[in-house]
Amino acid sequence: MSDDRILRIPVMARVEGKGALEMTVSRGRVGEVRLRIFEPPRLFEKILEGREFREVPDIVARICGICPAAYQLTAVSAIEAGFGLQPGEEISRFRKILACGEWISSHSLHVHLLAAPDFLGYEDVMEWARHDPESVRRGFELHAVGNALLSLMGGRPVHPVGACVGGFFRFPHEEEREAVASRVRAALPLATDLVHWAASLPYPESERAFVSVSLRAPDSYPMNGGRIVSSRGLSIDPSDFEAHVEEFQVSHSTAFHSLLDGEPYLVGPLARLNLNADRLPPEILSLIADSGIRLPSTNMNHSLLARAIEIRFALGEALAHLEKPSTGSPSSLPVPIRESTGIAATEAPRGILWHRYDLSENGLVRKARIIPPTSQNQTIMEADLRESLETGGLERPDEALRKEAERIVRNYDPCISCATHFLDLTVHRRDR
Amino acid sequence: MIKPTPSRQQSLPPPRKPRIAVLKLASCDGCQLAFLGLGNRLLELAAMVEFVHFAEMGPLGSLTDLDITFIEGSLSTQEDLETVRSVRKESRYLVTIGACATSGGIQALRNLTSGDPLASVYPSPDFIDFLAHSTPVSSEVPVDLELWGCPVTGDQVLGALRTILLGAPPPVEHDKVCLECKRRGISCVTVTKGVPCLGPVTLTGCGALCPSFGRGCYGCFGPSENPETASLARTFSGLGLTPDEVARRFLFINSNAGPFREEGERWQEG
């Protein structure tokens, strides 16, 4: 019998972007785990240099086709912070509608097309649809409602064009708002059903102590702002994030890895839910109670359920903002350009997205720094793979290990386009 | 209506479903959403064709004997060049989807910067397989149909599929965004508000989205036929834009597309 066993996933399916995985197994233990992300770098930080602040939202949107609005919202908030501009209540309200649309669209895509087939034993959404077309159609409808909210605010779901530094190019008209609001109302029971369905999935047991990190806002579930908090008790302003986060390059990846105060940490829906359940409205809390999930959850497999809960939450949130009568305030404010450093963090669908822009007195970008959610999750994803595969036993056939490794990675909904390519799963085995 | 007799139906061999692949190179994944966001139409489509390879949706079959291959993303690594050469040989139709695959995309802005752009983002750039320039698929292999847009729409990819499978010539858009505004009754943002707009030199396909929001077009669907870029650039200058500002209007989403690149570089140097 060979001492080494090599297991390889040359193209990982059902993730956004391209990745590969490589592991060494020695004496029944997992040695080195290398989650390889080799999406070719697109060098956005460099592209941004010398561009005017007004061009930034449309440039950074192109980092990610799944969460372009999150990039736009973070960029406009960071630049406005540098200019000392407060967007005001109505603009903030419409920005929440934009963010809700993207959470609903992105989460529905992940739950139905990427993650759920793992828990149901299907190869992909097509096979699932042949056995259970109703569940798949419900997912598609929710995805479409998310896209309708994005289109309401920005004309199209991918790379919307409505948001700008200072506010929006225009607010939607009353009739446009009402048409989308009625679609959202009709989707609420679908999302409630989705949460019940998600709660009934057979999640593998897993108890792991991990650090959750998210934004936290004074009086609402976090979305477009707040302080950065952790389950270790950290609470900092986003402008202090750089002092606590350490980004490093590893030889197997074009995405940076991150540690917070020296530790791996989790960002994303489960981390948000773990840290902010007390900010949810009562009807969502009772849904959570019915679902049987206990918060904070230490089972990473619950991230699918967390996405379903956030879909239901975001629909209710978007509807509340759509139904508020317009105050008639302008859709954008005059922009006081000045030499500045502007920093902001938002909750993208996959977790904390942090931007910093150093601007010249003419509003040109001197330097930009972007920390996306997926690179923050890379370190904990590798640790989870090591622990979970060992706990489940390494004597299983290659195919079983490969499937489990892929499922573990998908829990994190890695957006490899954001992180900047992809996963080869290679296991080197020594002395079985 | 004439119905085939049952016996004749049975004697035909089962028709082979068209074999489709969707590939991704350097990109944001947004153009693949033109398929993944089709909703119920995606299920109907999947019943009509065989998705042999479409990693984000699931299938990972080998890239051989393909009827239509859709490529998202620009050529950015040595591996990308090898992939498109091999897939070209195996595909009856090769279709690019989006600005990245069709013109090099926004990341082609790096083609214009001097020095090693990689060193400024990554401390140890030696780990990375990376070409200095981001280029369109057509720079390496012949392409049968190019779908412009950042992003492309579901109607564009379905329209391409339908016409290719029917053997009809694929629809090619010639109109400019400018015409689309007139058709939709959107008042001109340049004339009424003095806003610089690429509508007069850009292909439509978006439905004049930006002007409908009161802002200028920024060129997602690439250069139109016979684009009068020089006179538009002079108009921008007349609106008060500095030469560098004029250059940046052209050097944006499709900076590597000939007419936009040439006009942009003229003003950059000027």
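Which residues have the most contacts inside the largest nonpolar core? They are A:L149, A:I309 and B:I97, in a core of 196 residues. A nonpolar core is a set of buried Ala, Val, Leu, Ile, Met, Phe, Trp, Tyr and Cys residues joined through C-beta atoms within 7 Å. The model is predicted: local features need pLDDT of at least 70, side-chain atom pairs count only at pLDDT 80 or more, and totals for chains, interfaces and linings use all residues. Residues are numbered from 1 along each chain as its sequence is written, while chains are lettered from A and ligands numbered from 1 in the order in which they are written.

- Helix α4 (residues 89-120) of chain A supplies the largest share of the core, 14 residues; helices (H or I, at least four residues) and strands (E, at least two) are DSSP runs, numbered from the N terminus.
- Domain 1 (17-166) and domain 2 (177-269) of chain B each contribute at least three residues to this core; the domain bounds come from an automatic or database domain assignment.
- Apart from neighbours within four places in sequence, B:I97 is in contact with B:C31, B:A34, B:F70, B:I71, B:E72, B:L147, B:V152 and B:V157; a contact requires C-beta atoms, placed from the backbone, to lie within 7 Å.

**Helix α4 of chain A**

- α4(A) has 32 residues and reaches 43 Å from its first C-alpha to its last, close to the 46 Å expected at 1.5 Å a residue; the expected span is 1.5 Å times one less than the number of residues.
- At A:L114, α4(A) bends by about 40°, and the proline A:P117 follows within four residues; the bend is the angle between axes fitted to the seven residues ending at a position and the seven starting there.
- Of the 32 residues of α4(A), 24 are buried; a residue is buried if 20 or more other C-beta atoms, placed from the backbone, lie within 10 Å of its own, exposed if 12 or fewer, and partly exposed in between.
- A:L113 lies in α4(A) and is buried because 25 other C-beta atoms lie within 10 Å.
- Not counting residues up to four places away in sequence, A:L113 touches A:R14 and A:V125, together with B:L36 and B:M57.
- The C-alpha atoms of A:L113 and A:V136 are separated by 8.8 Å, with the two residues 23 apart along the chain.

**Other helices of chain A**

- Helix α3 (residues 68-83) of chain A has 16 residues, which should span 22 Å at 1.5 Å a residue; the end C-alpha atoms are 23 Å apart, in agreement.
- α3(A) is mostly covered, with 15 of its 16 residues buried, and is followed by A:G84, whose phi is positive, near 70°.
- Helix α13 (residues 398-411) of chain A has 14 residues and reaches 20 Å between its first and last C-alpha atoms, close to the 20 Å expected.
- The buried residues of α13(A) are A:L401, A:A405, A:I408, A:V409, A:R410 and A:N411, and A:D413, just after this helix, takes a positive phi of about 45°.

**Chain B and its domains**

- Chain B comprises 13 helices and five strands, and 49% of its 270 residues are buried.
- The C-alpha centres of domain 1 and domain 2 of chain B lie 26 Å apart.
- Between these domains, 15 residues of domain 1 of chain B are in contact with 11 residues of domain 2 of chain B.
- Helix α5 (residues 99-103) of chain B gives the most to the side of domain 1 that touches domain 2, with three residues.

**Interface between the chains**

- The contact takes 47 residues from chain B and 48 residues from chain A.
- α6(B) gives the most to the side of chain B that touches chain A, with four residues.
- That side of chain B divides into 27 nonpolar, 14 polar and six charged residues; Ala, Val, Leu, Ile, Met, Phe, Trp, Tyr, Cys and Pro count as nonpolar, Asp, Glu, Lys and Arg as charged, and the others, Gly among them, as polar.

- The peptide bond from A:L295 to A:P296 is cis, with omega near -5°.
- A cis peptide bond also joins B:C150 and B:P151, with omega about 5°.
- A:H159, not a glycine, has a positive phi of about 55° and counts as buried, with 28 C-beta neighbours inside 10 Å.
- B:N226, not a glycine, has a positive phi of about 40° and counts as exposed, with 10 C-beta neighbours inside 10 Å.

Conventions
Contact = placed C-beta atoms within 7 Å.
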